[in-house]
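Here are some friendly notes on side-chain contacts, written to be read alongside the model. Please keep the viewer open as you go through the points.

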Amino acid sequence: MRDHKALLHHVEASFTKHIKPTEVVSCMPKCFSPRECEEIKAITEQKGQIAGAEKLTECLKRSDKTNWFKLLKLALEERNFTIALQLLDPDTENSGKEVEDVEANGDTATVRFEYREDSGADDLVGDLNQMGLTENQDKVTGGSAFLEPSKPPGERKLRAYQRELAVPAFEGKNTIICAPTGSGKTIVALAISEHHLKSKADQKPKIVFMATKVDVYEQQYKLFKEHFNRTDQDVRITGLCGDMGEQISLDIIAETNDIIILTPQILVNALNRKDLPSLSVFSLLIFDECHNATRKHPYNVLMASYLDSKLSRRKESLPQIVGLTASVGVGTFKYQQEAENNICQLCANLDASIISTVSDNKEELLSFVYVPEKDFFEVEKRSGDPFIAIIHNIMSRIEVLAKKEYDIESLSHIENRDHGTQKYEQWIVDVQKRCKVLQLEDKEKESRVCRALFNYTEHLRKYNDALIINEDARTKDALDYLKAFFDQVRQAGFDETEQKLTACFDTEYPHLLQLSQQGQQNPKLEQLKYILDEEYRNDEQTRTVLFVRTRALADAMKNWIEETDTLKFLKPGVLIGRARKSNQTNSGMTLNSKKGVLESFKSSDQSKILIATSVADEGIDIPQCNLVLMYEYVGNVVKMIQVRGRGRAKGSKCFLISDRKERIEKEKLNILREKIVEKAIANLRQSKESMQAKIDTFQREDKRIRDHANSMPERPRTNGNFKLLCAKCKKFACFSDDLRVGHEGSHHIVVERSIFNRCERSPHPNPRRFGQLEKKMKMFCKHCKNDWGIVATYMNIEDMPVIKIDSFVAQNCVTNVQHYFRKWKDVTFAIRRFDIADIKPF
């Protein structure tokens, strides 16, 4: 240990310049005392990364932990601090660079999720255990998930129920593997992949494993990589998500790898760009969470291409298809026959005539997979709330002000839109959409009216959100949400309309504040508190996932737990989706933030409850969870099974808390529908000829519809010129003749630099490179601060405006008719390819 401390002392001057101390601490918290963690964090925030790194190094040099050096190297490897790792271990190769998730419209970052599969193959899980991935699994699952001590680590033997699931795929048949959450479907997929590579070794097999979410992609990529690195290092594996598919052609990646883990849109994009001739490049496609293969989901888009090749009898070999899911209960159904039709449609979409379930080894399956006990808590509604009455009154006054500007009732025909409902939110969206193409003879008046209506409806939206928060959380949380919004409004453009609306809020604020401090308690929160008190009194090691419907509610619940004396020890973490550009008061989470929250929940006592939106109900593995709380959180059968399946530990419970009888009844119906699906699967397996006939019929009909759509003549794009006007205030931005599309086909650049006279710029909060484009600044309308897009360096040319079409309306220069397009593919005017010679001086 002294040698390691001496080494750290020698390299300290360089080491401290190549790490981010707070990230290192998050990966090895047990090596530091709570006080040291706080000191490192505080110094980093106050004095910078290097000062924080120096404090971290000082703490390590006096650490009495025997394994600190090993944990430090693992942390550096995990966070990809390669230079720092090489200083401590010169033999480290610089080839293990982590993948990075980059999307043009979202702020994301590098992340790797720890994977713990509850019920994997005896030897496969044993291999993973030797890599430190399943350290606590035996305690969690209560059983024999490990390789027997006498069993050689190279011998792979799936459990009997897992082999039963895998047999049809081993035989090369297109298969949907349907098994409960926690049964080890990914381990089965690993075994299928390994078998496929060996059985088709002379045919140059190529495998693609697809995950619908970036979080799950990271989890599965890590598992595949670590497993094959241990069992067969000759297997070449890579991973792609986000913008990574734009960096290099997928045909080159396919040529140089045996297994590719990716998100499906990357494969869709590659086929559209003709980077790949067809899916015949691959020999096996594995679809994780394959129940998503419906409608316009990327899974279904890929399979449409597959089926077109199959049904057109093209002379090309098609890949084997394997789907993984916890339920095939897709679509809406009331009777078993309807459920069977929905299942056959899913099978048709995936070209799979076999649904592989566990039938011969159910007893073994049930010994490893625990179905949580389900219960329902119907709570009385809060009545006579004066906070609601005041917000209703404010919203009614804003509606009157909006009607004085324009007859907003003529813009939308959505009726029965009560305040504090999703219907009201739909009405706001509809009004704003129609407002974008509202035309008046007086163009100055048009600009003023449109901007005012946007302001009015945006404020109505926030009040509507506050009512929804108040219904499920505390009045204090609803008021805090509104206050945060108005604080941002004051710091932005703050025009005359916004000043008027802010004054309205300020007038009522003292009364609202008093109500938030002295008002009645929410009965749902009291019920939730009772449940948590009881569960943690009975078992202090309880780990809870609390599902809520919205991001704002997730934050509100976190604040409530932290401010409740008997619950604050739970130290809640929040897991929500990625940041959205339209969300002003709640910016979402980056992938690194998610990882930190998950690690805290899974690997330590820092957090005993995880508050999550739908981002956590599918795919993310949380084996420690033994209490699932659904707080007004109800969906379809598949969602019910996925959410319930988050409770992996033995003796898990799942409770639904609601003050709406209809929601509880819907969940009870979902339980009945789950039984209907089980009977439907059993019946289809006994009627194979009838099932195949239905699948064939669905496939032929779907192809007929696709062929008809493809035969329709493509809408011609006019060469006429259009004015692009700000969608919010209708001020002129540029002409369509000034637009050029980048060589990648995704970036739309304004070559007329005078657009900078009509916009404002500010540093981009997350500058990043996408191929030949590097984001540098954000670009906003000078008049209304509407987000127009970014200023970037493109092909090494600086200060190039790259705009978003949904921030504008296009006005025909001849007819003056205005059009609103949500996506660039929908525009009706032609856009030329980018050419450096077209750039006009500013």
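How many residues apart are Tyr424 and Trp427 in helix α18? They are three residues apart in that helix (residues 422-435), about one helical turn; helices here are DSSP runs of H or I with at least four residues, and strands are runs of E with at least two, numbered from the N terminus.

Before the points, a word on the source: this is a predicted model, where local features need pLDDT of at least 70 and side-chain atom pairs count only at pLDDT 80 or more, while totals for chains, interfaces and linings use all residues. Residues are numbered from 1 along each chain as its sequence is written, and side-chain values use heavy atoms, with hydrogens and water left out.

1. Aromatic pairs. The whole structure holds 19 of them, a pair being rings of Phe, Tyr or Trp (its six-membered ring) with centres within 6.5 Å; planes under 30 degrees apart are stacked, over 60 edge-to-face and the rest tilted. Tyr424 and Trp427 are a tilted pair because their planes meet at 45°, with 5.2 Å between ring centres. Tyr424 is buried at 1% relative accessibility, and Trp427 is buried at 0% (buried is under 20% relative accessible area, exposed over 50%, partly exposed in between, with a 1.4 Å probe and protein chains only).

2. Phe485 and Phe486 pair edge-to-face, at 5.3 Å centre to centre and 70° between planes. Both Phe485 and Phe486 are buried.

3. Charges over rings. Arg761 sits over the face of Phe756, 4.0 Å from the ring centre, and Lys668 sits over Phe376 at 5.3 Å. The rule asks for NZ of Lys or CZ of Arg within 6 Å of the ring centre and within 35 degrees of the ring normal.

4. Salt bridges across the chain. There are 49, each a side-chain nitrogen of Lys or Arg within 4 Å of a carboxyl oxygen of Asp or Glu. Lys61 and Glu12 form one of them, at 2.8 Å from N to O. Lys61 is in helix α4 and Glu12 in helix α1, so this bridge ties together parts 49 residues apart in sequence. Lys61 is partly exposed at 25%, whereas Glu12 is buried at 18%.

5. A bridge within one helix. Lys703 and Asp707 also form a salt bridge, with closest N and O atoms 2.8 Å apart. They are four residues apart in helix α27 (residues 688-711), about one helical turn.
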